[in-house]
Amino acid sequence: MGIWSFVKEAGRLVGIGKAEATQAEGAPAPAAAPSAEAIKGELQSLGLPAEAIDIEVENDVVLLSGEALTQQIKEQVILAAGNVAGVAKVEESLTAREEAPASTFYTVVKGDTLSAIAKKHYGNANKYQRIFEANKPMLKHPDRIYPGQVLRIPPA
């Protein structure tokens with residue numbers, strides 16, 4: 001079981017007709033955490049196979065259980081659920097059919113770029129594309145990251 005912390009005030013607004021909106025830096029948090037159905041809808045909109053994953057929401061904590069196809073999908077589901085405005089933590093007891101080395105999770109801070117993050121984790125700024133690819137479909141463009149967002153950093 002893993003417990004992952006997220007920045008509650010940062011993230012995508014889901015379940016209120018603004019699925020593409022991102023919470024602005026310094027903006028107030030949504031009044032309530034998203035519903036389990038809204039989280040499930042977010043996973044579906046991203047094309048993440050989550051049919052065998054159960055989702056519950058208790059206050060600002062998302063509880064995930066069940067089975068993911070791969071370690072990568074498991075990690076993407078955790079990040080997709082956590083990078084939603086109103087979510088402070090994700091507690092998961094997910095298994096992966098195909099195990100692989102786990103990625104590191106990194107919280108973006110003001111001034112970060114994928115190149116700077118790649119330099120910090122891999123020693124080479126040009127490996128930013130690896131981080132970008134690892135975070136698709138949550139990231140649509142390598143220049144569109146925001147403070148408080150949590151990213152997957154695959155093993156070197």
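Is Phe-105 buried or exposed, judged by its relative accessible area? Phe-105 is buried, with a relative accessible area of 18%. Here buried means under 20% relative accessible area, exposed means over 50%, and partly exposed is in between (1.4 Å probe, protein chains only).

## About the model

This is a predicted model, in which local features need pLDDT of at least 70 and side-chain atom pairs count only at pLDDT 80 or more, while totals for chains, interfaces and linings use all residues. Residues are numbered from 1 along each chain as its sequence is written, and side-chain values use heavy atoms, with hydrogens and water left out.

## An aromatic pair

Let's stay with Phe-105 for a moment. The structure holds one aromatic pair. Its rings belong to Trp-4 and Phe-105, with centres 4.5 Å apart and planes at 40°, so the pair is tilted. For this label, rings of Phe, Tyr and Trp (its six-membered ring) pair if their centres lie within 6.5 Å; planes under 30 degrees apart count as stacked, over 60 as edge-to-face and the rest as tilted.

The pair links distant parts of the chain, since Trp-4 sits in strand S1 and Phe-105 in strand S5, 101 residues apart. Helices (H or I, at least four residues) and strands (E, at least two) are DSSP runs, numbered from the N terminus. Trp-4 has 29% relative accessibility, so this residue counts as partly exposed.

Now look at helix H1, residues 36-45. Its buried residues are Ala-36, Ala-38, Ile-39, Glu-42 and Leu-43. Seen down the axis of H1, they fall within an arc of 165°, so they line one face of the helix; the arc is that of the directions from the helix axis to the C-beta atoms.

What do the buried residues of H1 pack against? They pack against strand S2 (53-58), strand S3 (61-70) and helix H2 (71-82), where contact means heavy atoms within 4.5 Å. On the other side of H1, Glu-37 and Gln-44 are exposed. After the helix comes Gly-47, whose phi is positive, near 75°.

## Strands side by side

S2 and S3 run antiparallel and are joined by six bridges; two strands pair if DSSP finds at least two bridges between them. Together S2 and S3 form a hairpin with two residues between them, and Asn-59 in the turn has a positive phi of about 55°.

S3 also runs parallel to S4, with nine bridges joining them. S3, H2 and S4 make a right-handed β-α-β unit. A crossover is right-handed if, with the strands pointing away from the viewer, the path from the first strand over the helix to the second runs clockwise.

## Ser-103 in its loop

Ser-103 lies in the loop between strand S4 (89-98) and strand S5 (104-107). At 12% relative accessibility, Ser-103 counts as buried. Its side chain makes a polar contact of 2.8 Å with the side chain of Glu-75 and another of 3.3 Å with the side chain of Arg-152. A polar contact is a pair of N or O atoms within 3.5 Å; within protein, one must be able to donate a hydrogen and the other to accept it, and residues adjacent in sequence count only if both atoms are side-chain atoms.
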